[in-house]
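Please look at the sequence and the model before reading on.

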Amino acid sequence: MTETASAKPKKVSKPKAKPTHPPTSVMVMAAIKALKERNGSSLPAIKKYIAANYKVDVVKNAHFI
């Protein structure tokens, strides 16, 4: 019974590709500095800046921003 369970071949996982963009915290700080708004930058403005300059899917990374 244990032989059949251990007879399954193990899956070989491919190494994950490194992202071509910097970490999200660095992108957000760059967006805030570049937007230069006196009262702070809005979330939609930060997302728009990140999407335009880093070519990142903002919907997937929304919980990091």
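Buried means under 20% relative accessible area, exposed means over 50%, and partly exposed lies in between (1.4 Å probe, protein chains only). The model is predicted, so local features need pLDDT of at least 70 and side-chain atom pairs count only at pLDDT 80 or more, while totals for chains, interfaces and linings use all residues. Residues are numbered from 1 along each chain as its sequence is written, and side-chain values use heavy atoms, with hydrogens and water left out.

The protein chain has 3 helices and 0 strands (helices are DSSP runs of H or I with at least four residues, strands are runs of E with at least two, numbered from the N terminus). Buried residues are 15% of its 65 residues.

Threonine 24 lies in helix 2. Because its relative accessibility is 16%, threonine 24 counts as buried. Leaving aside residues up to four places away in sequence, threonine 24 touches Phe64 and Ile65, where contact means heavy atoms within 4.5 Å.

The axes of helix 2 and helix 3 come within 9 Å and cross at roughly 105°. Axes are lines fitted to C-alpha atoms, for helices over the stretch in contact, and angles run from 0 to 180 degrees between N-to-C directions. The two helices are therefore roughly perpendicular, a term for angles of 65 to 115 degrees.

| Helix | Residues | Residues in the helix 2 and helix 3 contact |
|---|---|---|
| Helix 2 | 24–35 | Met27, Val28, Ala30, Ala31, Ile32, Ala34, Leu35 |
| Helix 3 | 43–54 | Ala45, Ile46, Tyr49, Ile50, Tyr54 |

Note on methods. Parallel < 35°, antiparallel > 145°, perpendicular 65-115°, else oblique.
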